[in-house]
Amino acid sequence: MIPTVKLNNGIDMPQLGFGVFQVPELAACETAVTQALDAGYRLIDTATAYQNEAAVGRAIKKSGIKREDLFVTSKLWVSDFTYERAQKGIDASLERLGLDYMDLYLLHQPYGDVMGAWRALEEAYHAGKIRAIGVSNFYADQLKNLELTMSVKPVLNQIEVNPWYQQSTEVAFNQRDDVRVEAWAPFAEGKHGIFTDPTIAAIAESHGKTVGQVILRWLLQRGITVIPKSVHSTRMAENIAVFDFDLTEAEMHTMGTLDRQESQFFDHRDPVTIEQIFGASLKQLKE
Ligand SMILES: NC(=O)c1ccc[n+]([C@@H]2O[C@H](COP(=O)([O-])OP(=O)(O)OC[C@H]3O[C@@H](n4cnc5c(N)ncnc54)[C@H](OP(=O)(O)O)[C@@H]3O)[C@@H](O)[C@H]2O)c1
C-alpha cells in the first residue's frame, strides 16, 4: 500500500506514482500501465501532449480496479491555453481517458493565457470533473501571480527535481506555500550515468537497495511526490519498493552534495525554450 499525502484542498494523493512520458506507442503504453497497476501503482501521470491518454484509459478499464482507488493525473497543453479552448481540452482529456472525472489536472507549462485556461480548470473543478487542479513547471513568481489573480489555489506544482537538479529554493517556496511538489524526471532520465553514480551506489549498497530506490527515497524524504517511468516490469517493482527503509540525515546530506544546480533538460525561463515549447502553438491558438 502506497502512503498518501493530503493536498491543500483536503484530498488524498499517493506519494508515488507511474509516469508515461515518452511511451507514445499506444499498445506499449497500455501494457506498461497494466503492468504498473498489477505491481501496485495507483497514481498514473499522463498528459494531452504525451498522446497516450486513451491507452491509459484502456488499461484502467481493463484492470477492474475501483475508480476511487485510482488517482489519475493529466495535463492541458499550451495550444489549449485560452478559456474556451481549455474547456474543450478538459472534456477531450476525459473523453480520451474514458473517465467521468480526473483526480488531478495540470497546466503543463507557464506560458500564454494561463489565467484564461486556469478559469476553465476552476469551473471544471467546481463542476466535479476534476478533483484537484495544479500546475507544472511554474517558478515561484509565476505560481504566486496565479494564486493572487485567481480564486482556486493550485494543489501541486510538478517540476524537474533529481539529484543533478535539486531545486532547493523552489521546493522550499512551494512547501512553505502549501503547494505539493511532484518531481518529474526523478532519475534525470538516466543522464550523466546516474544509475551507476558511485556516491549513490555506496548509499544503496549499505541498505541493500538500488541506486534508483535511493533516489526515490531521498525525494520522498524531502516531502516530494515521485512519478518514475519505466516500461520494464522488474524496474516498476523496484521503483515502488521504497517504503521499507530510511536514509539517515548524513545520507540525505551526502545526496545534497550532488546538486549541479542546472536543469538537465531546459530552463523554462530561457526565451529560446519558450519559443520552442510555446511558439509552435501560436497558430493553433489563433484558429
Ligand atoms: N511536467 C513535465 O513537464 C514533465 C516532463 C517530463 C516528465 N514528466 C513526468 O514525469 C515522469 C517521469 O519522468 P521521465 O519519464 O522523464 O524520466 P525518469 O523517470 O527520470 O527516467 C525514466 C528513464 O529511467 C529508466 N529507468 C526507470 N527506472 C529505472 C531503474 N530502476 N533502473 C534503471 N533505469 C530505470 C527508464 O527506462 P525504461 O523505461 O527502459 O525502464 C527511462 O529511460 C514522466 O513519465 C512524466 O509522467 C513531466
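Guide: Start with N239: an N or O atom in its side chain is 3.0 Å from a nitrogen atom of the ligand. That is a polar contact, a pair of N or O atoms within 3.5 Å. Keep in mind that this is a predicted model, where local features need pLDDT of at least 70 and side-chain atom pairs count only at 80 or more, while totals for chains, interfaces and linings use all residues. Residues are numbered from 1 along each chain as its sequence is written, and side-chain values use heavy atoms, with hydrogens and water left out.

Back to the ligand. One of its oxygen atoms is 2.8 Å from an N or O atom in the side chain of K229. With A185 it's a polar backbone atom that comes in, 3.0 Å from an oxygen atom of the ligand.

Let's follow D45. Its bridge partner in β5 is T73, and β4 (residues 43-45) pairs with β5 in the parallel sense over 3 bridges. Strands here are DSSP runs of E, at least two residues long, and helices are runs of H or I, at least four, numbered from the N terminus; two strands pair if DSSP finds at least two bridges between them.

T73 also stands opposite L104 in β6, and 4 bridges join β5 (residues 71-76) to β6 (residues 104-107), again running parallel. Helix α4 (residues 114-126) packs on the sheet, touching β5, β6 and β7 (133-136). Its direction makes about 150° with that of β7, using lines fitted to C-alpha atoms, for helices over the stretch in contact, with N-to-C angles from 0 to 180 degrees.

How enclosed is β5? 6 of its 6 residues are buried, so it is largely enclosed by the rest of the structure. Buried means under 20% relative accessible area, with exposed over 50% and partly exposed in between (1.4 Å probe, protein chains only). F71, T73 and K75 cover one side, V72, S74 and L76 the other. In a regular strand the side chains alternate between the two faces of the sheet.

One last stop: D45 is also among the residues in contact with F18, contact meaning heavy atoms within 4.5 Å. S230 is on that list too.

Key. A polar contact is a pair of N or O atoms within 3.5 Å; within protein, one must be able to donate a hydrogen and the other to accept it, and residues adjacent in sequence count only if both atoms are side-chain atoms. Lists of a residue's contacts leave out its neighbours within four places in sequence.
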